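Try each one before reading its solution.

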Amino acid sequence: MNQSTKTESQLNRRSFIAGVTAGSLVLMAKLNGQEVTVADASKVNANDFAPDLFVSIAPDGLVSILSHRSEMGTGIRTSLPRIVADELEADWDRVKIVQAIGDKRLGDQNTDGSNSVRFFYDRMRVAGATARTMLERAAAQAWSVDAANCKANNHRVDEIDGNRSIGFGDLVAIARTLDVPSADELTMKTPDQWRYIGKDAPITDMDAILTGKAVFGIDARMDNQLFAVIARPPVVGGQVKSFDAADTRKMAGVIDVIEIPKFQGAPLFQPLGGVAVCATSTWAAWQGRDSLTIDWDHGPNQDYNTDDYAKTLSQSANQPGKAVREHGDALKEIQQSPNVFNADYSVPHLAHAPMETPCAVANVKTDGDKVIACEITAATQNPQAVQQAVGLAMGVPHDSVIVNVTLLGSGFGRKSKPDYCVEAAMLSRHVGRPVHVTWTREDDIQHDYLHAISHVHVEAAVDDQGNPTAWLSRAAYPSIGSTFNADAVEPADFEYEMGLTDLPFDIPNLRVEVGQANAHTRIGWLRSVCHIQQVFAMSSFADELAQHAKRDPYEYLLGLLGEDRHIDLEAAGLANRGASGEDFPYDIGRLKEVVRRVAKQSDWQRHKDLPRGRGLGIACCRSFLGYTGHVVEVDITQDGKLSIPKVWVSMDAGLIVSPDRVRAQIEGAAIMATSQARYGKITFKQGRIQQSNYDTFRVATMRNAPREINIDLVDSMAPPAGVGETTVASFAPALCNAVFAATGKRIRNLPLADHDLSWA
């Protein structure tokens with residue numbers, strides 16, 4: 001089976017069962033507490049069992065696996081099924097992947113937080129091993145031998161002490177009559193027996209993507225659909241005061257002009273409001289929108305200016321706030337110390353800017369005012385969130401909203417927020433036809449759920465060797481929580497646990513505080529989330545202390561991390577991303593190891609001999625339960641032109657299922673982090689975003705991206721940790737530390753483009 005025929009899209013659990021060939025063996029799996037349970041779908045009611053994984057084996061041997069997560073470039077639609085196929089001993093060329101629709105009974109479908117492999121690795125293995133065991137037992141029954149004498153091997157079962165062999169498909173009829181083995185009856189394959197786990201493979205959708213056959217959200221079509229482009233309020237919280245669409249309605253292709261009301265309460269995933277133009281083509285809708293005359297009421301955020309707001313954040317971060325982690329008495333130690341250093345760091349608002357803008361098509365059918373059917377096809381990271389948001393807007397139960405998931409032209413967290421899907425549904429309901437909503441690049445940048453603008457203040461008292469005896473951190477930024485609760489004025493714990501309270505340094509007196517900050521725009525998750533500003537501040541300040549102490553930054557960093565140990569998560573008040581401390585301890589030894597490895601890979605010691613204008617910077621972090629160390633090399637001309645010749649990354653994310661996909665994500669992370677650190681900046685004046693496209697919100701091109709990215713993956717059998725977001729966090733501080741090494745100029749406020757990097 002070639003890659004283009006490997007996938008099939010859009011099935012729910014019931015249709016998965018109905019769609020498989022009659023006589024197939026269909027297994028379902030779910031997680032019960034810490035245990036994985038597998039059941040035969042022909043013998044158990046799927047609604048009662050509530051599985052989150054389906055796998056079937058047809059009489060012709062075809063294996064079908066339901067993929068319930070979204071593919072946005074991470075390769076997850078390949079990685080998770082390959083875990084099943086490996087334990088099943090399936091021939092990958094005889095495996096079909098079926099994309100699931102939104103269905104809460106499938107478990108968590110929100111493809112974000114670098115959680116997919118971590119959450120589902122065990123379930124996938126148990127399901128595959130269960131199916132393999134049943135096929136081996138079926139062969140034993142067919143041959144009247146002991147099951148121990150039967151072993152699955154590449155889509156067949158072989159007789160160990162004989163010459164007989166039989167294909168999976170020929171065993172299905174017997175396997176269907178057997179009881180499903182319990183978990184303690186399974187023998188899992190050992191790592192040396194793995195066929196796919198830990199091995200490189202092209203992603204399932206590669207051929208379709210390369211030949212243009214793959215369907216992304218922008219390609220989604222429904223019969224008789226219209227195309228819509230929307231003029232949204234230029235200020236979040238604004239609304240239409242009045243509009244004139246007389247000329248627009250006369251334009252060729254324009255079918256209707258519809259006002260969308262502003263959101264109520266907190267923004268949530270509600271549309272921003274505005275005026276939509278529905279037309280027979282996107283181009284006609286776009287032209288129609290441009291012809292509208294709209295008078296806006298800009299609402300309560302019309303005075304929002306980021307220059308002024310940055311000063312407010314600075315004031316908040318430079319006065320006592322709410323203590324969120326403390327041991328010892330950092331305040332007293334700092335007050336009494338003769339050697340205290342401090343610094344302030346800031347990061348501006350950042351946009352997601354995915355290559356494919358938000359887009360969705362909806363078909364809402366009504367009987368009078370009552371919605372009787374609602375189907376969405378969208379590029380979404382979270383189809384269940386689409387169900388909830390659209391269901392609420394349409395006044396129908398969430399479960400009745402059908403959400404088909406396309407491939408995503410990247411997401412970075414933006415497409416977990418389905419406001420654009422609600423827009424499509426509202427317009428379809430109005431016009432009585434399917435409507436495809438397309439966000440232009442300008443729409444996307446100017447109406448994004450932005451990464452928070454931030455300010456972090458750090459102080460440290462140091463001893464005679466320059467080692468900190470006390471450390472105080474204070475951070476202030478608008479919280480993601482403000483998108484869901486208009487009264488939220490402080491970061492949530494999951495935000496400050498990303499590089500602030502989970503500080504890995506071994507310091508006897510530590511105090512971490514957060515300040516208050518009101519939000520004036522929609523704040524959302526962006527790849528690596530709050531690690532972006534908090535690891536930047538912590539790792540930059542560590543480098544500053546090393547420079548004050550006149551010590552090697554690498555050696556100083558290792559000393560700052562202290563002895564190999566597990567941080568006491570409970571004592572530190574860390575939630576550990578919901579993972580157990582037993583499976584995912586905060587292991588300083590592993591963090592130090594990636595620092596040592598990246599230093600060795602980059603030949604760190606040569607940094608002392610580099611000429612002025614050339615420098616190495618080092619930084620590390622634990623992010624999304626994975627460990628990364630970065631060394632970045634910069635070359636800066638005397639007049640301040642920056643290039644990045646080489647980057648080294650060492651990552652320990654536990655067991656790696658798909659090394660090629662992990663390397664691709666690390667490469668992408670380096671380029672994305674380069675974009676953010678060098679150019680990323682969204683600014684507001686009078687409530688309006690001043691950037692509108694890639695000309696004003698720049699991303700790194702080939703010319704200014706790292707020329708060489710060297711990746712070192714730690715070979716580990718630890719449980720799989722996060723990957724996709726993990727290697728963004730320590731890039732920017734390593735880059736800025738390298739800039740200091742090259743020029744003597746300390747960058748405390750991103751982006752680099754705002755700074756003169758020339759040196760004499």
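**Exercise 1. In which sense do strand 5 and strand 6 pair, and over how many bridges?**

Step 1: in this predicted model, strand 6 spans residues 95-100 and pairs with strand 5 in the parallel sense, over five bridges. Strands here are DSSP runs (E, at least two residues; helices are H or I, at least four), numbered from the N terminus, and pairing takes at least two DSSP bridges.
Step 2: for a landmark, look at Val63, which sits opposite Val95 in strand 6.

Residues count from 1 along each chain as its sequence is written. Local features need pLDDT of at least 70, side-chain atom pairs count only at pLDDT 80 or more, totals for chains, interfaces and linings use all residues, and side-chain values use heavy atoms, leaving out hydrogens and water.

**Exercise 2. How does strand 4 run relative to strand 5, parallel or antiparallel?**

Step 1: strand 4 (residues 53-57) runs antiparallel to strand 5, joined by three bridges.
Step 2: Ile57 faces Val63 across this pair.
Step 3: the hairpin has five residues between its strands, and Gly61 takes a positive phi near 95°.

**Exercise 3. Are the faces of strand 5 covered or uncovered?**

Step 1: side chains in a regular strand alternate between the sheet's two faces.
Step 2: Val63, Ile65 and Ser67 lie on one side, Ser64 and Leu66 on the other, and all are buried (under 20% relative accessible area with a 1.4 Å probe, protein chains only; exposed is over 50%, partly exposed in between).
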